[in-house]
Amino acid sequence: MFRYGTPAWLLLLLVSISQAQTPLPTFEVPGQQQMTSRLEALFQRHHSPQTRCTLWDAWIPMSTLWPAVGDDLSAEPMRRFYRHVYLNRQIDPSGYVVMDQHRGHAHPGGWPFPLWEQAGGAGWHFTIDRDPYRKMMNMRPTDVKSLAIQGATNLRQDNRFGLRLTTQGPQTSITLPVRALDSFVAPFIVMEWSSDQLPQDSTVTLSWRRVGEKQFTPACSTNVAKDSGVGGQYGAGLKLSVVPVHEHPEWRGKIEQLRVEWTNHAATDITIRNIHTATDSRHPITNALFVRGSTDTFLWTHDVSFLKQNIQRMRTAIEYSLDEFSVRQEGAMLVQWPGHDGRAGFIHDAQGNKTLRHGHGVGNNYWDLLPFGHYDCYASMVEYDALLAMATIEAAIAAHPEWEIALPKLDHAALTSLAGDLKQRAGKRFWDETNGRFVACIDADGKSHDYGFTFLNLEAIYYGFATPQQAEQILQWLDGEREIAGDTSTGADIYHWRFAPRATTRRNLEWYAWVWHNPDHNPWGGQVQDGGAVLGFSYHDLMARLAVNGPDDAARRLKEITDWFAEVEDAGGYRKYYAVPGRGSLQGGGTPGGLGLDHEFMESVLVPQVMLYGFLGFQPTADGFSLQPKLPHDWPSLQVTRIAWADHVFDLKASQAEIQLTFQKAGQTPVRINLPEGSWQLDQGDAKLVSQVLTVNPSDQNHTIRLSQIQ
């Protein structure tokens, strides 16, 4: 996330359908009513966020597709939303899945920043209407009179739409004003215009002239795609041409001037909103996140029509990421995009003098100020999860020929093998044996970067990327059983913020993108990405504890979170609670700070999910769900209500020896339930039990099904 004070509405297209006291699922544990009521209140505060942005695909769908909310017990609003999102998510011609975030001054398929203004690039914006950075960057429209235009008439500048002209003759050209820039900070040229009005066979060319050259030459030119297939979220009915000039051998040195020209057949009205350079703000994880979000959508909805429409897009996404980042060859995600080299965006000399390195340190993920790049551990971990998700989908397709979905190039076995190889090789590459934790990345100079990234290490456990031995060492570090030399935060201080561990445990004053080159201006813990914390990622902490230390430890940690939340609520909510000096500073909604709880921190909805996915051990499958309850010793049972799977809504209760399924709405889809290990007997209900698999058919007309374990 962009964490230095930009208003939240600039950070994401967020629509919340939350309403005060909307009927939601409940968590029922005898003897734990205080804890569960507080957790339900937290769920009430954060439920049902919506965002089209790819960055949240692994977190929001899994949290919102199952709760049957409202008086009509329905999950349909969220399901309709995400069905539309995934069927319309743009994938460019190369196979890259776009970020689908708001308008920015960077690559339109990536994160909105770093802006060309921050990079030292160049831009010509003929209108600034609806541009989210017009105030922040003190933008002024480029006067069209400064352009050298040939082959056009009826020139005019529209405050809303920008430059408008009518083509004249066989060719139109626009030569932009002289503006010198370093080619490295401008790997792309973006042009937002009505290119779809040109004849289909019209050719568009971008030319450039370097400093010292007097003329434009064919050697310094490249063809331009009239529509690059990204940036549809920009609106205005215009297309985006995104030109990868960094791939051209003559895009080097200092660039002084640009020219765009195209061929015509007849007089045509053309609108050009802007032309600007762009940093490569794409994230290498968008393809993996799209696959994960699409998988969760299908597993929860059992929408075969959705899968049939989306499957080739999912396959394209996974194949692109495997090829683009050399996963097979390297056994890791190797990101070689411009600026994604893992190096910091500034350096200090021996005397402490700072030099900015514009274009270096571009972010790769949610933690967008940090230069995860080159050999990227986080991207490797997310890719591992996506490979397993895709393997699950392909296994389901193979098992259901009646779906009439063509078989893939990469089947379940191939995807599982690739995931296993990635885990083994990347897990070894990024593991620091001395510190006993994963490093963020290994940069292009071969240097690893480790600031005690708790989120990285906890997600490694959550995704199963960490080995059992690695997982144990990670939690020993977080629990203060061992201290790591050089860390700023150790022992109990790692959980200083109470609701979550610090995002990092070592002060970072040197490893950021160039746009964040004064980290010393913020105190330790005053920035989310430097000793701060994010509430939502406590979910990964809880799930990691369940997997490694067991349910008692996870329940202890959950109680600490709900106790904190009760104090916050008693004080009037997050903003009032943290207005008290000394408690920490909130990020979000236009304010910089160290703690991510509300506003754009939609992932806060993750925390209550531990009851379903963790303690109840519920996982949706292509044909139903599996159960592996993990209950603390003082929880006699756990019931989660209002669970929507496919067209059913039911309550699910589990104890150490019993499982009860109570239908609130019985649908028409057969349900196959994979039970925990052991011998089970059907005590109530009409269903088919074979070994550890229970099948409930629509004809059974059950209201309640009860099973008990045979001792």
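A residue is called buried here when its relative accessible area is under 20%, and exposed when that area is over 50%. The model you are looking at is predicted, so please read what follows with that in mind.

Gln639 belongs to strand S29, which covers residues 637–645. Its side chain reaches the side chain of Glu28 in a polar contact of 2.7 Å. Beyond its neighbours within four places in sequence, Gln639 touches Thr26, Phe27 and Glu28 as well as Asp651, Leu652 and Lys653.

You will find Ser699 in the loop that lies between strand S35 (693–696) and strand S36 (704–709). Its C-alpha atom is separated by 45 Å from that of Phe565, and the two residues are 134 residues apart along the chain.

Phe565 leads us on to helix H14, where Phe565 is one of the residues in contact with H2. The axes of helix H2 (residues 33–46) and helix H14 (residues 551–570) come within 9 Å and cross at roughly 65 degrees, and the crossing is left-handed. On the H2 side the contact is made by Met35, Arg38, Leu39, Ala41, Leu42 and Arg45, while H14 contributes Leu558, Lys559, Thr562, Asp563, Phe565, Ala566 and Glu569.

How many of the eleven residues of helix H13 are buried? Nine are, so helix H13 (residues 538–548) is largely enclosed by the rest of the structure. Among the buried residues of H13 are Tyr539, His540, Asp541 and Arg545. Packing against the buried residues of H13 are helices H3 (60–64), H11 (454–462), H12 (468–478), H14 and H16 (610–615), together with strand S24 (533–534). Just after H13 comes Gly550, with a positive phi of about 100 degrees.

**Aromatic rings and charges**

The model holds 43 aromatic pairs. One aromatic cluster is formed by Trp56, Trp59, Tyr366, Trp367, Phe372, Tyr378, Tyr451, Phe453, Phe455, Trp511 and Phe537.

| Charged residue | Ring | Distance from ring centre |
|---|---|---|
| Arg429 | Tyr375 | 4.1 Å |
| Arg437 | Trp477 | 4.8 Å |

Key:
Residues numbered from 1 in each chain as written. Predicted model: local features only at pLDDT ≥ 70, side-chain atom pairs only at ≥ 80, totals over all residues. Heavy atoms only, no water. Helix = DSSP H or I, 4+ residues; strand = E, 2+ residues; numbered from the N terminus. Polar contact = N/O pair within 3.5 Å; in protein donor to acceptor, adjacent residues only side chain to side chain. Contact = heavy atoms within 4.5 Å. Phe/Tyr/Trp six-rings, centres within 6.5 Å; stacked < 30°, edge-to-face > 60°. Lys NZ or Arg CZ within 6 Å of the ring centre and 35° of its normal. Axes fitted to C-alpha atoms, helices over the stretch in contact; angles between N-to-C directions. Left-handed = near helix turned anticlockwise from the far one by under 90°. Buried < 20%, exposed > 50% of the residue type's maximum accessible area, 1.4 Å probe, protein only.
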